[in-house]
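I am opening a notebook on a structure I have not looked at before. These entries keep to what I looked up, in the order I looked.

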Amino acid sequence: MQITVTRNDGILVFVLDGRLDGHGASILEDAIRSAFYDDDTAATVDMSSVGYLSSAGIRTLLTLAKEVKRRGGVMALVGVQEYPLKVLKMAGFQSIFSIVPTVEEAIRICGKGDVALSLIDELSLPSVTKDGVRYQTEVAEVAPAGLKVRGSLDTLLHARITQDDLKEASFSSIEYSFGLGALGPDAASALPILGEMITLHGTMIWLPTDGNDTPDFLAPAGDTMDIPVYTAFNVTLEGPFHEYVSFESDDPAGVSLADLYRQIISAARVRRRDFKGIIALAIAGVSAGITGSSITRAPLKEYSGGLKGTIMEGDASGDWISTNEYPLYPGDTLVSFGVGVDMTADLSAYDPAALHALASTHPAKRGEQDLSLHNHGVIFKGKPWDRNTDLGRQIQSLIDTGEVTDIRHLSDTTRLRRGKIGVAYIGAVVEE
């Protein structure tokens with residue numbers, strides 16, 4: 001059995017060539033397991049070159065049909081030859097499958113509808129297409145939003161953290177945040193394993209720097225007053241999202257994280273009076289390739305030795321940071337939270353000390369970049385993408401039932417194919 005898998009307008013197409021017997025069914029099962037991305041909902045099976053079908057093959061086709069149904073989609077069989085069709089009829093399954101003569105017809109009946117933004121029927125703003133990416137925006141809250149910064153990014157980057165720098169935070173106070181943190185019975189045990197962290201709906205997900213490279217998380221259900229989160233650097237959103245944006249790229253290579261920020265900032269300059277130069281974004285989307293890094297050694301003063309500069313610079317970076325420039329996790333679901341600073345904007349409305357603690361951008365480099373981004377992201381597996389669920393419910397569902405695979409500090413070149421974004425226009429940045 002030879003199997004080719006392609007995508008046509010977002011629909012999986014399995015082209016089979018050979019006998020769909022016990023052996024062929026096992027090959028098809030492997031192909032099915034490896035082919036699905038989290039946002040795939042429809043599939044067709046081209047059987048025009050399949051001359052033999054057995055009950056083993058039917059069972060595998062039923063497995064595929066059930067998986068597609070679980071994802072809310074449709075499956076169709078194409079070009080079923082005379083003998084396989086007789087087997088389907090004899091087994092009583094010919095009415096279970098949609099059987100059509102051509103792949104084009106199968107794609108038509110399996111075709112997916114437009115991207116859904118949320119559960120509302122009407123969008124507040126018309127859709128906009130920019131560089132092959134369609135954006136739809138729903139206006140939400142009007143209350144102000146701000147960022148609270150605990151600790152200093154500069155202290156982190158120069159590996160000067162001591163136990164005195166650790167702050168305690170409660171789960172209830174960090175619905176959306178990112179930074180460097182740890183869980184443990186006390187500050188002393190948390191300090192040496194500080195790692196990349198993100199909190200989503202009060203759930204903390206982090207990567208301990210214990211050498212095991214395995215993410216950990218804690219999702220509270222009830223009173224968590226006795227279990228603090230220890231952070232050396234943390235940026236927390238205080239206030240609501242002002243807009244929700246849905247996007248989908250026509251290009252399978254997706255759109256970069258930097259370009260998503262640029263598009264939202266460009267639109268904000270025109271129509272948002274509350275845009276002062278900083279936005280915070282929560283994103284749930286399907287990855288087209290994640291690039292980024294993670295701290296592998298807690299940036300403590302006692303570990304810094306003769307460090308010159310920052311842990312990100314030169315030969316020292318290999319002792320502190322693990323970086324992937326090659327895109328990882330295509331087709332998996334990414335949930336991220338972070339901030340973007342428009343470096344071309346007048347940022348005088350923000351407290352200079354708090355802004356420096358947040359971005360730690362050297363004044364001499366301010367003119368060299370138009371955008372400064374800081375985003376952390378969690379990769380989930382095993383949870384099909386639901387285009388009809390709003391952002392909050394999507395994230396909560398992933399937290400409740402998704403498989404946490406990795407957590408990264410996201411590079412600006414991280415790419416997504418489609419997703420939903422909560423946008424907060426930041427009015428103030430304050431230090432705790």
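**Entry 1: Thr333**

I began with a side-chain pair: Thr333 and Asp38 make a polar contact through their side chains, at 2.7 Å. The model is a predicted one, and I keep that in mind for every entry.

I then asked where Thr333 sits, and found it in strand β19, which covers residues 333-342. Is Thr333 buried or exposed? Its relative accessibility is 1%, and the cut-off for buried is under 20%, so Thr333 counts as buried.

Next I listed what Thr333 touches, leaving aside neighbours within four places in sequence. Asp38 is on that list, and so are Gly285, Val378, Ile379, Phe380, Lys383, Trp385 and Leu398.

**Entry 2: the five-stranded sheet**

I turned to an open sheet of 5 strands and read its order as β1-β2-β3-β4-β5, with mixed pairing. From one strand to the next, the twist averages 25°.

I went through the pairings one at a time.

- β1 and β2 are antiparallel, with 7 bridges, and Thr4 stands opposite Val15 in β2.
- β2 and β3 run parallel and are joined by 7 bridges; Val15 has Asp46 as its bridge partner in β3.
- β3 (residues 43-53) pairs with β4 (residues 75-78) in the parallel sense over 4 bridges, and Thr44 stands opposite Ala76 in β4.

Together, β2, α1 and β3 form a right-handed β-α-β unit.

Helix α4 (residues 103-110) lies across β1, β2, β3, β4 and β5, and I noted an angle of about 170° to β4.

**Entry 3: helix α7**

I last checked α7, a helix of 15 residues at positions 257-271. From its first C-alpha to its last it reaches 22 Å, close to the 21 Å expected at 1.5 Å a residue. Which residues of α7 are buried? I wrote down Leu257, Ala258, Leu260, Tyr261, Gln263, Ile264, Ile265 and Ala268.

Definitions and conventions: Residues are numbered from 1 along each chain as its sequence is written. This is a predicted model: local features need pLDDT of at least 70, side-chain atom pairs count only at pLDDT 80 or more; totals for chains, interfaces and linings use all residues. Side-chain values use heavy atoms; hydrogens and water are left out. Two strands pair if DSSP finds at least two bridges between them. Helices (H or I, at least four residues) and strands (E, at least two) are DSSP runs, numbered from the N terminus. Axes are lines fitted to C-alpha atoms, for helices over the stretch in contact, and angles run from 0 to 180 degrees between N-to-C directions. Contact means heavy atoms within 4.5 Å. Buried means under 20% relative accessible area, exposed over 50%, partly exposed in between (1.4 Å probe, protein chains only). A polar contact is a pair of N or O atoms within 3.5 Å; within protein, one must be able to donate a hydrogen and the other to accept it, and residues adjacent in sequence count only if both atoms are side-chain atoms. The expected span of a helix is 1.5 Å times one less than its number of residues. A crossover is right-handed if, with the strands pointing away from the viewer, the path from the first strand over the helix to the second runs clockwise.
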